[in-house]
Amino acid sequence: MVASPAAGQPVELKVAEVHVYGTADPAAYPLQKKGHSFEFLREISHLRVRSNTFGAAFRVRNALAHAIHTFFQERDFVYVQTPIITTSDCEGAGAMFHVTSLNLRDLPRSPDGAIDWQQDFFGRPTYLTVSGQLEAETYALGFTKVYTFGPTFRAENSNTPRHLAEFWMIEPEMAFYDLEDNMRLAEEFLKFTIRYVLEHCREDLEFFKERVEKTVLGTLEHVAESTFAHLSYTDAVKALQDAGKTWEFAPEWGHDLQTEHERFLSEEVFKKPVIVTDYPRDIKPFYMRVNDDNRTVRAMDVLVPRVGEIIGGSQREDRHDVLLKRIRESGLDERPYWWYLDLRRFGSVPHSGFGLGMERMMMYLTGLKNIRDVIPFPRTPGNADF
RNA sequence: UCCCCGGUAGCUCAGCCGGUAGAGCAGGUGGCUGUUAACCACUUGGUCGGGGGUUCGAGUCCCUCCCGGGGAGCCA
């Protein structure tokens with residue numbers, strides 16, 4: 001390596017010997033010395049990592065993973081590996097993938113013609129997990145503070161730039177935390193990981209600012225120092241109704257917030273992350289703690305500009321009788337939840353937690369607009385190549 | 001899954017009212033060159049996403065399927 005006389009570079013290599021390990025036919029090699037579309041590069045996911053954008057993206061992803069563990073480990077959380085194969089067939093988070101070792105061309109049948117799952121590997125229907133939350137709760141009641149960080153699966157036929165069939169989720173769960181503690185942790189967590197990436201991936205973030213999304217660096221620096229906005233679902237609906245805007249779907253108490261509503265709140269009203277709390281009971285899952293008004297639950301969604309919902313969490317229902325009632329109200333069979341209900345029979349305590357999609361966070365950090373570009377090998381309906 | 005837009009050379013695209021295809025880049029050859037997504041000249045390269053239909057004739061019009069993008073729903 002010697003000083004370079006050329007402009008724009010401080011040093012250059014003075015090569016003594018060159019050994020070619022593997023050649024690449026230039027007529028067949030798909031990567032060129034020019035900008036390629038992300039759609040094209042996605043078709044060659046095994047080669048796109050050699051490009052500058054994806055090199056930067058996956059360095060940031062690595063730093064984010066490190067930041068996640070660092071944040072929780074520094075705060076005495078215990079890392080729990082929850083199961084990937086599960087028998088809970090309705091955790092309330094969407095369609096699931098079946099896991100089976102049965103011969104699909106010759107399925108065993110019971111006398112009434114239904115599939116005889118007793119002959120399957122686990123002796124009953126099993127699925128890929130959609131969430132480790134329920135299992136994480138059991139460990140939170142043993143260790144006080146835990147977190148999961150692993151893959152989750154959704155068999156939804158979602159075709160959007162924000163959904164994957166296989167994605168990585170972070171789910172902290174804390175005993176003795178109420179919703180306010182939960183929100184505090186979520187905000188601290190987001191700021192910590194942002195600061196970590198700002199500090200360790202400066203060059204890559206500059207690259208994203210220049211080539212992908214010019215607001216990304218400024219937004220991150222701003223968010224790392226700002227205080228998140230808070231408002232209740234009820235106030236959010238009121239604010240939307242009073243906004244003097246024409247909506248495709250009119251905001252109305254009892255209906256879930258639409259994407260256009262969430263974007264309006266985070267991008268136009270507050271221009272920073274917003275935490276919306278206390279959603280109507282009837283549009284949220286059974287495990288969220290019912291408020292004293294009996295109409296709302298202790299839920300919270302963190303909405304960020306550009307990405308939308310990045311975190312969903314709640315204080316959990318810790319009262320056995322209320323939880324059982326809610327499971328039944330939701331039309332679920334309580335029997336598979338016997339162990340979950342046991343947590344409320346044997347030393348129940350208030351506890352809370354949230355789920356954060358790693359890829360959503362990646363989109364926020366990099367400014368990349370398609371979730372398929374922030375995971376090495378994206379799985380989406382009709383696509384499981386590589 | 002629903003709505004909208006798209007699929008033409010390896011890549012990015014043009015192709016008008018239907019008359020059987022072009023550019024830039026890449027590749028090849030030669031030249032030039034302290035280059036940075038170099039420059040000059042020449043040049044190879046196409047089942048126009050698949051199938052069906054209308055027509056004397058379809059990249060172009062119609063039907064259908066597949067794939068991609070955007071929006072919506074589901075959510076993280």
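In this predicted model, an N or O atom in the side chain of His-163 sits 2.7 Å from a base nitrogen of RNA strand B, which makes a polar contact (a pair of N or O atoms within 3.5 Å; within protein, one must be able to donate a hydrogen and the other to accept it, and residues adjacent in sequence count only if both atoms are side-chain atoms). Leu-164 uses its backbone instead: a polar atom there is 2.9 Å from a base nitrogen of RNA strand B. With Glu-309, a backbone N or O atom lies 3.3 Å from a sugar or linking oxygen of the RNA. Helix H1 (38–43) and strands E8 (166–175), E12 (308–315) and E13 (351–357) each give two or more residues to the surface near the RNA; here, near means that a heavy atom of the residue lies within 4 Å, while helices (H or I, at least four residues) and strands (E, at least two) are DSSP runs numbered from the N terminus.

There are 40 residues around RNA strand B, and Glu-12, Arg-42, Asn-157, His-163 and Arg-360 come nearest. On the RNA side, sugar and phosphate make up 48% of the atoms within 4 Å of the protein.

Now for Thr-152, which is part of strand E7 (residues 145–153). Thr-152 counts as buried because its relative accessibility is 3%, and buried means under 20% relative accessible area (1.4 Å probe, protein chains only). Beyond its neighbours within four places in sequence, Thr-152 is in contact with residues including Val-130, Phe-167 and Met-169, contact being heavy atoms within 4.5 Å.

Residues are numbered from 1 along each chain as its sequence is written, and chains are lettered from A and ligands numbered from 1 in the order in which they are written. Local features need pLDDT of at least 70, side-chain atom pairs count only at pLDDT 80 or more, and totals for chains, interfaces and linings use all residues, with side-chain values using heavy atoms and leaving out hydrogens and water.

Definitions and conventions
Buried < 20%, exposed > 50% of the residue type's maximum accessible area, 1.4 Å probe, protein only.
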